[in-house]
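Reader: Could you walk me through how to read pockets in a model like this one?

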Amino acid sequence: MKWRWLLVMSCLLSIFFSACKSRDAEVTPVPEKKDIAQLYLSAWQQRDYEGMYKLLTAEAKASMTEAQFAERYTKIYEGIEADHLEVTALPEPTTAQTTSSPSPEPTERSFRFHVRMDTIAGPIEFDNQGKLLKAADGNDPEWLVEWKPSLLFPDMSEGDTVRVQTIAAARGEIKDRNGNGLAINGTVPQLGLIPGQMGDSPNEVKTELAKKLGIDKKEIEKKLNASWVKPGMFVPIAIIPEESIDEFRLFPGAVIQQKKLRQYPYGEAAAHLTGYIGEANADELEKLKDKGYETGDWIGKAGLEQILEDKLRGTDGVVVSIVDGKGVQKADLADKAAVPGQNFQLTIDAELQKTIYNEVKEDGASVAAIQPMTGDVLALLSSPSYDPNAFVSGLSSEQYKKWNDDPHHPFLNRFSKGYAPGSSFKMITGAIGL
């Protein structure tokens, strides 16, 4: 009978412990700090901004809506063209264990992580640290993420923005056999006006300045009335000759600045050879969009500037940085240096080219001077011609119309055309006949 009693007791104990185990399984354990952090980091890597927002503290949610939170990340990542985003947890540093009395239950904990992404300016990679805060939710405490801008980038604070700045590549230069510049990067004086400093008679200033520049007064007014103009801002008006700087400084509100500009030192003498550059129009941008051209870019429009465009252009650089609310740069996140365009040295003798042009400039002609021993082209020109500098410094509609309507066709590149030999070939046919 005793063994039967023991069997019954054993069965009862087994049922009791099974019930307890089953009851314990029904209780959902409080997530550990690593669970919440990992959920947040996983959602971040997947760009699941809704999932990230749900894990933020009530204070963080009160400072911004879910839509604002998502928009902030989206704008930054789209602006820097972020790709291949990786967000991974880092192990917490180990601390020495002590045998002192147990400390109170912590209300905040940190978590460490590593971020890497590819951007328009190259890879961005950094280690960072976040914080979890314990929030009471009913009877069960919950760990939530304390969000700050420094979670995006370590150097970022409230009010800061991420700026993408393009660094223009220097265009390659074209020089003659002796190193004389045919198409070079130089600086020229640029006249501008500060509207708030034009005195009591701004209308008179505009009238006299337009007369001095040889342009329509409406062109000056159009520039001064642009939407971005403010009373204390410098408004570019025109490129002026170096020797006229002192004269233009006499106008109230006039300021002279040095502007980087493409220059053609031999002007008309080499215009058809070098060509010129100009701002890309809508049709050109559509054709060149796959090569990275954007609105405002300058491209070769004629001559060698157009033929060698791909090599002369170079590759622009990009800087991704953090700037504060005043626009002051705080830190660079990524930097891709600009690559200048290729330089070219021709067999042309620019001084010889200029001398020949001065002899034929009144006639419709094309001239090629070739070194018979080597075949080097020493001069190649067409006349009459035009000044390519006018296209980069600001060509007035009157000047363009004058050139375009000229019966001698200064825009016509005669050395690039094919001509029937005409009477000059009669000597050859006569010699053959004899």
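Author: Let's start with a lining: in the second largest pocket it divides into six nonpolar, five polar and seven charged residues. Nonpolar covers Ala, Val, Leu, Ile, Met, Phe, Trp, Tyr, Cys and Pro, charged covers Asp, Glu, Lys and Arg, and the others, Gly among them, are polar. Keep in mind that this is a predicted model: local features need pLDDT of at least 70, side-chain atom pairs 80 or more, while totals for chains, interfaces and linings use all residues. Numbering runs from 1 along each chain as its sequence is written, and side-chain values use heavy atoms, without hydrogens and water.

Reader: How is the space found, and how much of it lies in the second largest pocket?

Author: Rolling a probe the size of a water molecule over the atoms shows where empty space is left. Here that pocket holds about 680 Å³. A pocket is an open set of points on a 1 Å grid where a 1.4 Å probe fits, with protein on both sides within 12 Å along at least five of seven lines; lining residues have an atom within 4 Å of a point.

Reader: Which residues lie nearest its centre?

Author: Of its 18 lining residues, Ala168, Ala169, Ala170, Arg171 and Trp298 do. Strand S9 gives the most to this lining, four residues.

Reader: And what volume has the largest pocket?

Author: About 1,000 Å³. Among its 34 lining residues, Ile237, Ala238, Ser393, Gly394 and Leu395 are closest to the centre. Its lining divides into 19 nonpolar, eight polar and seven charged residues.

Technical notes: Points joined across faces, edges and corners; volume = space filled by probe spheres on them. Helix = DSSP H or I, 4+ residues; strand = E, 2+ residues; numbered from the N terminus.
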